[in-house]
Amino acid sequence: MPQHTFILNGKAVTADVEGDVRLLWVLRDVLGVTGPKYGCGVGVCRACTSHLNGKAFTPCAVRVDDVAPTDEITTIEGLPDTVGAELHPMQEAWLDLDVAQCGFCQPGQIMAAVATVRKAREAGREVTEADLDTIRNICRCGTYHRIRQAVLEGARRMT
């Protein structure tokens, strides 16, 4: 069976799987990383949102063959390490504002939020309402108002 190596949450990992296996299944079933959730399998619900080289992506829509050995994948489990803390500031905002109801979509929501804040900051500006509108992750419980508040609060806390 082919071996696929990449960087996951700061550590090199190798998975023995066929190249057409979706990365989400490699993360969850082979490597035991369960933060990214399976929702739709086609990148629409975005419950599996993680970061690939710092940018938001949906691992359910990426074949493991398409990941290079130098690619860095960060899931919700590795997000705090990106700031050297127990929790990322976005996660802290989520908890402080009591965003989650069922919690299923929250890892993907947080990962999308962090990527959105980073993108705005790279453009030399703060997050706007228009930026919030680009976060298309689906929340079955409908906590969008609290999600938007938490993204703004998390952005304020991110330095």
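1. Nine salt bridges are present in the structure, a salt bridge being a side-chain nitrogen of Lys or Arg within 4 Å of a carboxyl oxygen of Asp or Glu. The model is a predicted one, in which local features need pLDDT of at least 70 and side-chain atom pairs count only at pLDDT 80 or more, while totals for chains, interfaces and linings use all residues. Residues are numbered from 1 along each chain as its sequence is written, and side-chain values use heavy atoms, with hydrogens and water left out.

2. One of the salt bridges joins R125 to D131, with the closest N and O atoms 2.5 Å apart. For accessibility, buried means under 20% relative accessible area, exposed over 50%, and partly exposed in between (1.4 Å probe, protein chains only). R125 counts as partly exposed at 36% relative accessibility, whereas D131, at 11%, counts as buried.

3. E129 and R148 also form a salt bridge, and their closest N and O atoms are 2.6 Å apart. Because E129 belongs to helix 4 (residues 129-134) and R148 to helix 5 (residues 144-157), the pair ties together parts that are 19 residues apart in sequence. Helices here are DSSP runs (H or I, at least four residues), numbered from the N terminus. E129 is partly exposed at 46% relative accessibility, and R148 is partly exposed at 27%.

4. Within helix 5, R157 forms a salt bridge with E153. The closest N and O atoms of R157 and E153 are 2.8 Å apart. R157 and E153 are four residues apart in helix 5, so about one helical turn separates them. R157 counts as partly exposed at 25% relative accessibility, while E153 counts as buried at 19%. A network of salt bridges links D96, E153, R156 and R157.

5. Turning to helix packing, the axes of helix 2 (residues 89-96) and helix 3 (residues 106-122) come within 10 Å and cross at roughly 125°. Helix 2 is therefore oblique to helix 3; angles under 35 degrees count as roughly parallel, over 145 as roughly antiparallel, 65 to 115 as roughly perpendicular and the rest as oblique.

6. Which residues make the contact between helix 2 and helix 3? Helix 2 contributes M90, Q91 and W94, and helix 3 contributes Q106, Q109, I110, A113, V114 and V117, contact meaning heavy atoms within 4.5 Å. These residues comprise six nonpolar, three polar and no charged.

How values were computed
Axes are lines fitted to C-alpha atoms, for helices over the stretch in contact, and angles run from 0 to 180 degrees between N-to-C directions. Helices (H or I, at least four residues) and strands (E, at least two) are DSSP runs, numbered from the N terminus. Ala, Val, Leu, Ile, Met, Phe, Trp, Tyr, Cys and Pro count as nonpolar, Asp, Glu, Lys and Arg as charged, and the others, Gly among them, as polar.
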